[in-house]
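Welcome, and thanks for taking a look at this one with me. Below are some numbered notes to read alongside the structure.

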Amino acid sequence: MTNLQQAFSPDSFRQNAHNLVDLLADYLESAQNQTLESVIPYQEPDDSLAFWQADYEQGVGNIEDFFKKTIEKSTHLHHPRYMGHQVTPPLPITAIASMLSGLLNNGMAVYEMGLVSNPLERILSELLAKKIGYDNNASGILTSGGTLANLTALLAARAAKTDVWEEGNAGRRPTEKLAVMVSEEAHYCIDRAARIIGMGSEGIIKIPTNEKRQIRTDLLEKYYNESTEKGFRVICIVGSACSTSTGSYDNLEEIATFAQKHDLWFHADGAHGGAVIFSEKYKHKVAGLDQADSVIIDWHKMLMTPALATALIFKRDEDAFKTFQQKAQYLWSNQESKDWFNSGKRTFECTKLMMSVKIYSILKAHGEQIFTDNVEYLHDLAEKFAILVKARPNFELAIEPESNIVCFRLKPSNINLNEINSAIRKQLLQEGKFYIVQTTLKENIYLRVSLMNPLTTETDLNALLDEIERIGNQISRE
Ligand SMILES: *Cc1c(COP(=O)(O)O)cnc(C)c1O
């Protein structure tokens with residue numbers, strides 16, 4: 001056997017895969033029953049680099065050993081005390097499906113390279129469109145992450161409202177500077193996307209937020225008029241559902257009314273909170289979503305799919321095709337036709353992961369109800385956590401949580417609150433028994449949890465607060 005033949009050997013694949021599944025099942029078990037102590041085995045970047053350089057120096061070696069080290073040295077999202085960033089602990093079935101899509105590797109851009117994944121993508125887009133409340137005119141795509149989906153949506157907005165895609169910036173009237181309106185709390189990728197499409201920093205009109213950190217819709221007219229007077233042409237307004245740092249849902253109905261009045265594209269960034277469309281109990285938080293021209297929802301946040309997998313849904317199918325209208329002769333024989341099955345016509349990506357296979361495996365194995373269960377459990381848990389925080393006199397909530405994100409801080413007297421809270425977060429990271437993050441709200445540092453793991457319980461949350469108090473006392477005494 002040649003080296004290559006050996007590398008493709010079904011027998012060694014079978015053996016390695018079985019071994020890996022055993023390792024992963026052991027990881028799941030020890031994370032869930034918390035015999036695995038470390039949620040995050042934190043190492044300084046240079047130490048981690050040195051470790052892997054030494055490993056690399058050893059050359060070809062035992063693959064199982066590499067898998068083991070990777071599990072051991074990664075952040076453990078399946079540990080119930082993982083409460084850090086907004087990335088989901090993926091359902092085990094999706095990890096198996098990832099192996100399936102990894103090996104089949106059908107690249108999606110053209111129908112022949114996505115015989116299964118293109119139809120599945122359409123079915124999943126229609127499922128979301130229906131949940132959003134769109135009619136049969138809607139359609140959608142999957143793309144690699146919320147950041148790229150938001151950029152794609154802004155490009156769609158520009159394609160719908162201007163000729164820049166064909167004419168380039170030079171073709172535009174020089175006085176016509178394009179602009180987008182967005183909450184000051186919006187995810188940074190909106191700002192980035194607007195700059196990428198040439199709006200510059202001035203073309204990003206940041207609207208202040210209220211005490212609940214929602215966009216102040218009472219100020220929309222004022223900001224719109226001011227920028228129009230300055231020579232800007234506003235083409236789009238973005239609503240956050242919900243915001244990243246505090247989990248606040250903007251008032252989408254009022255944004256929709258404003259957008260209609262001024263003929264703006266209304267994009268809803270539901271990367272995180274759009275998932276509430278699966279819950280009768282919580283979907284009222286995104287009332288007005290059906291009036292958006294485009295919506296994004298990350299499957300890899302509250303919908304338990306491995307990263308990256310983001311849905312971008314358009315209210316009107318034709319908008320999806322305008323975004324990247326272009327000739328690529330060798331790919332598509334008919335450039336003009338709006339064929340849903342050639343996914344590359346509507347995505348930034350050419351070759352693309354078979355994301356739909358992972359998502360669809362959840363529906364096949366568990367049914368849609370699992371999304372409802374997860375969204376509701378996580379939102380309910382955040383409410384419980386807020387009650388626990390408020391019950392402790394030396395803690396303070398930043399705001400009442402609207403989502404599964406909670407910002408809070410320890411508030412001992414006679415000590416700088418920013419210093420102590422960031423010192424606490426640092427020590428938590430070094431101990432590694434909990435993983436939480438921090439955020440700055442109007443110059444105040446808050447501890448922040450995203451409750452992403454449906455196996456997290458009130459016991460874990462109380463243990464976290466105990467630990468924060470213990471560290472806080474220790475620091476105060478020093
Ligand atoms: C997470 C998030 C994004 C970015 O999505 P990625 O999938 O991480 O690229 C954008 N907007 C909001 C509101 C988010 O929460």
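Predicted model: local features only at pLDDT ≥ 70, side-chain atom pairs only at ≥ 80, totals over all residues.

1. Cysteine 242 sits in the loop that runs between strand 4 (232–240) and helix 11 (252–261).

2. Leucine 308 belongs to the loop between strand 6 and strand 7 (310–314).

3. The loop between strand 6 and strand 7 also holds methionine 304. Its phi is positive, about 60°, although methionine 304 is not a glycine. Is methionine 304 buried or exposed? Its relative accessible area is 3%, so methionine 304 counts as buried, the cut-off being under 20%.

4. Methionine 108 is worth a visit too: its phi is near 80°, a positive value in a residue other than glycine. You will find methionine 108 in the loop between helix 5 (92–104) and helix 6 (117–132). With a relative accessible area of 0%, methionine 108 is buried.

5. Now for the ligand. Which residues are closest to it? Of the 15 residues that surround the ligand, the closest are Gly146, Thr147, Asp269, His300 and Lys301. Helix 7 (residues 146–161) supplies the largest share of this shell, three residues. Sorted by class, the shell has nine polar, three nonpolar and three charged residues.

6. Some polar atoms pair up with the ligand. A polar side-chain atom of aspartate 269 lies 2.7 Å from a ligand nitrogen atom. In the side chain of aspartate 298, an N or O atom is 2.9 Å from an oxygen atom of the ligand. For histidine 300, an N or O atom of the side chain is likewise 2.9 Å from a ligand oxygen atom. On its own the ligand would expose 380 Å², and the protein buries 88% of that.

7. Next, the interior. In soluble globular proteins, nonpolar side chains tend to be buried together. Here the largest nonpolar core has 62 residues, and Met181, Ile237, Phe266 and Trp299 are those with the most contacts inside it. A second, separate core has 31 residues, among them Ala153, Val180, Ala194 and Trp265. Beyond its sequence neighbours up to four places away, methionine 181 touches residues including Ile205, Leu220, Tyr223, Cys236 and Phe258.

8. Aspartate 293 lies in the loop between strand 5 (265–269) and strand 6 (294–298). What does its side chain pair with? The side chains of aspartate 293 and arginine 316 are joined by a polar contact of 2.8 Å. At 11% relative accessibility, aspartate 293 counts as buried. Leaving aside neighbours within four places in sequence, its contacts include Tyr134, Leu264, Phe266 and Phe314.

9. Glutamate 467, in helix 16 (residues 458–477), counts as buried because its relative accessibility is 14%, under the 20% cut-off. Not counting residues up to four places away in sequence, glutamate 467 touches Leu428, Glu431 and Phe434. Lysine 68, in helix 4 (residues 63–73), is partly exposed, with a relative accessible area of 43%. Lysine 68 and leucine 24 are 44 residues apart in sequence, while their C-alpha atoms are 9.0 Å apart in space.

Definitions and conventions
Residues numbered from 1 in each chain as written. Heavy atoms only, no water. Helix = DSSP H or I, 4+ residues; strand = E, 2+ residues; numbered from the N terminus. Buried < 20%, exposed > 50% of the residue type's maximum accessible area, 1.4 Å probe, protein only. Contact = heavy atoms within 4.5 Å. Core = buried A, V, L, I, M, F, W, Y, C linked by side-chain atoms within 4.5 Å. Near = heavy atom within 4 Å. Polar contact = N/O pair within 3.5 Å; in protein donor to acceptor, adjacent residues only side chain to side chain. Areas by Shrake-Rupley, 256 points an atom, 1.4 Å probe, with all protein chains shown as cover. Nonpolar A, V, L, I, M, F, W, Y, C, P; charged D, E, K, R; others polar.
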